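Below is a short briefing on one structure.

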Amino acid sequence: MARGGGKAAIVLCMDVGFAMSNSAPGEESPFEQAKKMMTVFVQRQVFAESKDEVSVVLFGTDGTENTLASGDQYQNITVQRHLMLPDFDLLEDIQNTIQPGSEQADFLDALVVCMDLLQKETIGKKYEKRHIEVFTDLSSPFSEDQLEIIIANLKKTGISLQFFLPFPVDDEEGSGDTGDGRHSDMYRNSFPRKGLTEQQKEGICMVRKLMFALEEEGGLDEIYTFRESLERLSMFKKIERRPMPWPCQLTIGSNLSIRIVAYKSLMEEKLKKSWTLVDAKTLKKEDVQKETVYCLNDDDETEVPKDDLVQGFRYGSDIVPFSKVDEEQMKYKTEAKCFSVLGFSRSSQIQRHHYMGNQVLKVFAAKDDEAAAVALSALIHALDELDVVAIVRYAYDRRSNPQVGVAFPCIKDAYECLIYVQLPYMEDLRQYMFSSLKNNKKYTPTDDQLSAVDSLIDSMSLVYEDDDGETTEDIFKTSKIPNPQFQRLYQCLQHKAFHPDKPLPPIEQHLLEMLETPQEVRERCQAPLEKIKALFPLKDAGKKKEQKTAQDVFKDNNEDGPSSKKANAENEEGSFSIANLAEGNVTTVGSINPAENFCVLVRQKNANFKEVSQQLVNRIEQFLETKGLQYYMKSINCIRVFREEAIKLSEVQCFNDFLQALKEKVEDKTLADFWEILIQDGISLITKDEAEGSSVTSDEAKKFLAPKEKPAEAPSVAGEGGDVDDLLDMM
């Protein structure tokens with residue numbers, strides 16, 4: 001496809017004539033293959049945020065729409081999209097709008113239309129490259145009357161040309177050059193020459209003649225098959241970054257200063273776009289309003305104005321307030337950006353594992369400054385000859401925290417520079433002490449075991465060396481491997497853009513294989529692995545002893561008393577453990593988690609159930625006074641937990657008295673909606689079938705839930721007005 005570099009103007013010229021839809025049974029038609037190629041190419045441009053502008057020209061269409069059409073000239077050629085940045089609208093056009101035509105058109109005429117479009121629509125704009133890509137099966141008749149004019153204009157305007165065909169273009173006589181081996185035997189055998197029509201053979205000759213005239217010996221290198229191009233385009237292109245210079249002064253002491261400019265040579269790439277919340281129906285960000293409210297952690301959850309908030313820093317058990325003004329004053333301020341040499345050190349003193357940071361800088365002399373170039377070159381060569389490095393204080397600007405780093409000399413045939421890498425401060429280092437394996441005879445390997453591991457390491461070498469021992473090839477080049485996370489994200493985004501209601505596709509196979517061990521290495525290490533398997537046998541160590549938990553260690557040893565029976569019942573039901581009891585120092589029933597607080601308190605040693613339950617009742621009353629569904633549900637949860645604990649701890653009458661008093665109070669305060677929820681949840685008096693201490697029958701419990709119906713035997717306290725406080729005083 002279009003070659004890398006600066007901003008480019010690209011025309012995708014696609015044949016949609018009726019012959020493009022022909023295919024053998026079970027095979028994809030050239031039309032569908034060409035559409036797939038164009039889709040993948042545009043996807044790469046969109047996700048790479050490329051500045052290249054793309055246009056689409058179709059030939060073989062039923063209609064005609066181009067500025068050169070007149071009479072019978074340049075017919076059935078349509079400019080589908082003019083030159084502009086690629087976007088999802090273009091992808092949708094390729095997917096849905098471009099359909100096979102019922103006509104045929106001269107592909108050389110289509111080339112002329114593309115050239116005309118590029119010349120007219122790039123006037124007044126700056127493009128480093130102008131490029132045409134033609135997708136066709138060469139089945140359409142053509143006229144070579146204007147071939148020489150086309151070749152001359154392509155050369156004059158500097159427009160490059162590429163062809164994409166469903167079959168390879170090789171030399172029947174064996175005299176042609178297929179370039180650098182791009183067209184493998186697989187591609188040739190998939191499309192035998194005898195299957196081509198006479199028109200396609202004539203088209204191949206014309207394409208060869210055209211490309212040789214433009215590129216001479218390398219002409220065939222710009223002719224690709226659909227299949228090999230799809231394989232190359234299966235990876236999404238990385239986002240293009242413009243080199244941003246960082247001008248500064250390299251200083252050594254107070255008297256020597258060199259004008260420099262630095263560029264980021266290596267930096268961890270992160271997604272530029274972040275996730276955002278949108279309305280599920282309209283898919284618009286503006287329809288979602290986000291509001292943050294700060295509240296005190298009290299019973300009323302009092303809202304705090306933003307102006308009354310201040311940042312705090314936890315220092316031990318205390319929180320130290322820190323305002324924005326304090327934070328600004330605390331910041332380390334420098335006079336300006338700097339790149340100052342603090343001193344020099346032998347390169348052997350800088351450990352490789354001390355490199356840190358997320359970037360590497362290449363430092364050059366300032367452009368068009370001869371004195372700076374000479375001075376920096378002298379420094380670089382001196383460092384290289386003496387095998388030393390510069391220790392540098394680096395600050396990006398006056399607002400940045402300073403770094404200490406190392407500057408290495410780098411001398412290449414094409415350029416020379418300093419390479420800066422950040423070094424750690426004391427707090428960045430992690431020191432760990434481990435016992436030595438050498439002094440333990442149990443872990444001392446035998447000579448055979450050492451030899452086997454050596455063989456495994458040699459067999460898994462990712463560097464291919466020839467017989468002379470010279471390195472010739474790096475088998476696993478990480479700098480050529482795209483980030484699988486980005487590739488998968490782009491794949492899923494593209495799928496969701498066109499199929500919003502369908503599940504995400506599986507991970508593509510080439511993504512799974514990217515970080516696998518290379519096939520040749522995998523084959524080479526099989527024998528050493530088998531040897532290691534034999535020399536390091538794995539044995540079953542047997543069943544491990546069950547580890548004792550804190551609950552086992554600290555459980556009550558008095559198993560005869562009633563308290564132990566209660567503890568055993570609790571353990572059987574699995575509702576509580578020591579871990580729950582150790583969850584903070586709970587002293588009262590709070591308003592945040594009242595039910596949990598109640599459970600913890602009633603299980604504490606020497607706990608008074610009536611006192612703790614009164615705290616819970618007070619919370620329930622507060623919630624009911626507030627009135628609101630969320631407070632009703634909180635009250636229901638408290639009542640449910642109260643009932644469960646009353647049954648477990650044989651405090652049945654305490655709960656029943658509370659519930660009868662609550663019913664009368666609910667009727668007095670018109671809380672019918674709350675009582676309705678209680679009825680739906682089936683929370684009633686504890687019956688004698690559930691606990692021995694109760695005298696309530698099942699029928700009485702059912703009648704009790706009926707609204708506005710008085711119990712058969714009202715307690716004496718209820719007759720005195722049903723006041724909850726009086727009831728609790730009696731308790």
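**Helix packing, sheet and cysteines**

The crossing between helices H10 and H14 is left-handed. The model is a predicted one.

**Helix pair H10 and H14**

- H10 spans residues 447-459 and H14 spans residues 526-535; their axes lie 9 Å apart, at an angle of about 155°.
- Angles over 145 degrees count as roughly antiparallel, and H10 and H14 are therefore roughly antiparallel to each other.
- On the H10 side, the contact is made by Asp-448, Gln-449, Ala-452, Val-453, Ser-455, Leu-456 and Ser-459.
- On the H14 side, Pro-528, Leu-529, Lys-531, Ile-532 and Leu-535 take part in the contact.

**Open sheet**

- Six strands, in the order S3-S2-S1-S4-S5-S6, form an open sheet with mixed pairing.
- The edges are taken by S3 (77-84) and S6 (223-225); each has a single partner strand, so one side of each is left without a neighbour in the sheet.
- On average, neighbouring strands of this sheet are turned by 15° against each other, direction ignored.
- Strands S1 (residues 8-15) and S2 (residues 53-59) run parallel and are joined by 7 bridges.
- Leu-12 stands opposite Val-56 in S2.

**Cysteines**

- There are 0 disulfides in the structure.
- Cys-417 is in no disulfide: the nearest cysteine sulfur, that of Cys-410, is 4.3 Å away, whereas a disulfide requires the sulfur atoms to be within 2.5 Å.
- Cys-417 counts as buried, at 0% relative accessibility.
- Cys-205 is exposed, with a relative accessible area of 51%.

Conventions: Residues numbered from 1 in each chain as written. Predicted model: local features only at pLDDT ≥ 70, side-chain atom pairs only at ≥ 80, totals over all residues. Heavy atoms only, no water. Pairing = 2+ DSSP bridges. Helix = DSSP H or I, 4+ residues; strand = E, 2+ residues; numbered from the N terminus. Axes fitted to C-alpha atoms, helices over the stretch in contact; angles between N-to-C directions. Buried < 20%, exposed > 50% of the residue type's maximum accessible area, 1.4 Å probe, protein only. Parallel < 35°, antiparallel > 145°, perpendicular 65-115°, else oblique. Left-handed = near helix turned anticlockwise from the far one by under 90°. Contact = heavy atoms within 4.5 Å.
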